[in-house]
Amino acid sequence: MNINRVVLTALVSVLAGLLLTAAPALGAVAADQQDGRILYENSCSTCHGVDGRGTADGPTLESSGAAGAHFMLSTGRMPLDDPTSQPVRKTAAFTEEEILRISAYVASISDGPPIPEVELEEADLAEGQQLFSANCAACHNSAGSGGAVGAGLEAPALHESTPVQVVEATRIGPGTMPVFDQSTLSDEEVNSIARYLAYLKEAPDPGGLGLGRIGPIAEGFVTWLVGVGLLVLAARWIGEKQ
């Protein structure tokens, strides 16, 4: 009996210690969700509904998760002044702390992916280039400069995207972009894509002027146009001399 009491006392002590350790963290999460709820109701509920189930002016957030909210808010795509227009990147309307709080609240009322933890150090750059070319370049351009996708819509340029935003976009599929879930691209693969896009921002231009990296066809046309223009000017100058 004494041994049982000792064991029971030890178990109670361990559980109490765990509760005391977890209580501050749980309290912080609850506080973030409460602050996020207030921010959400003031700035988001008009279009997405108080319960996040959407309205005539905005889609449901049932599958958004923290990743979806964080992506749309951190890229400035939300809040949107005109619900009928395509969301585009602009300066974020909230601070990063406010964005995290709103994201925590959205996560509590929806079922979607969390904000990812991106590890670029262990990502494969070569694999990232191959995966980007196979899955992303058709819309975003081989240089990540974006382009038209039809119906008056455009795939955005990716040069300003952070690695976290790149991974979030692949998991939530904003706008017309398809969702790339775990069955399509693993966490390691999306990290490799994020590393490749980070590399593009710093990659040198060994051929000379980068021309904004708008793609080989457009850059070739610019080169052709400038070259022909110089030839025409040279021919005119020679003709006037004669």
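This is a predicted model: local features need pLDDT of at least 70, side-chain atom pairs count only at pLDDT 80 or more; totals for chains, interfaces and linings use all residues.
Trainee: Why is glutamine 165 called buried?
Mentor: Buried means under 20% relative accessible area (exposed is over 50%, partly exposed in between; 1.4 Å probe, protein chains only). Glutamine 165 has 7% relative accessibility, so it counts as buried. Its place is in helix α7.

Trainee: What does glutamine 165 contact, beyond its neighbours within four places in sequence?
Mentor: Contact means heavy atoms within 4.5 Å. Glutamine 165 touches Phe71, Ser74, Thr75, Arg89 and Glu160.

Trainee: How many residues of α3 are buried?
Mentor: 10 of its 10 residues are buried, and α3 is mostly covered. The cover includes α4 and α7 (163-172).

Trainee: Which residues of α4 does α3 meet?
Mentor: Glu96, Ile99, Leu100, Ile102, Ser103, Val106 and Ala107. On the α3 side are Gly65, Ala66, Ala69, His70, Leu73 and Ser74. The residues of this contact divide into eight nonpolar, four polar and one charged. Ala, Val, Leu, Ile, Met, Phe, Trp, Tyr, Cys and Pro count as nonpolar, Asp, Glu, Lys and Arg as charged, the others, Gly among them, as polar.

Trainee: At what angle do the axes of α3 and α4 cross?
Mentor: Angles run from 0 to 180 degrees between N-to-C directions, with axes fitted to C-alpha atoms over the stretch in contact. The axes of α3 (residues 65-74) and α4 (residues 96-109) cross at roughly 145° and come within 8 Å.

Key. Residues are numbered from 1 along each chain as its sequence is written. Side-chain values use heavy atoms; hydrogens and water are left out. Helices (H or I, at least four residues) and strands (E, at least two) are DSSP runs, numbered from the N terminus.
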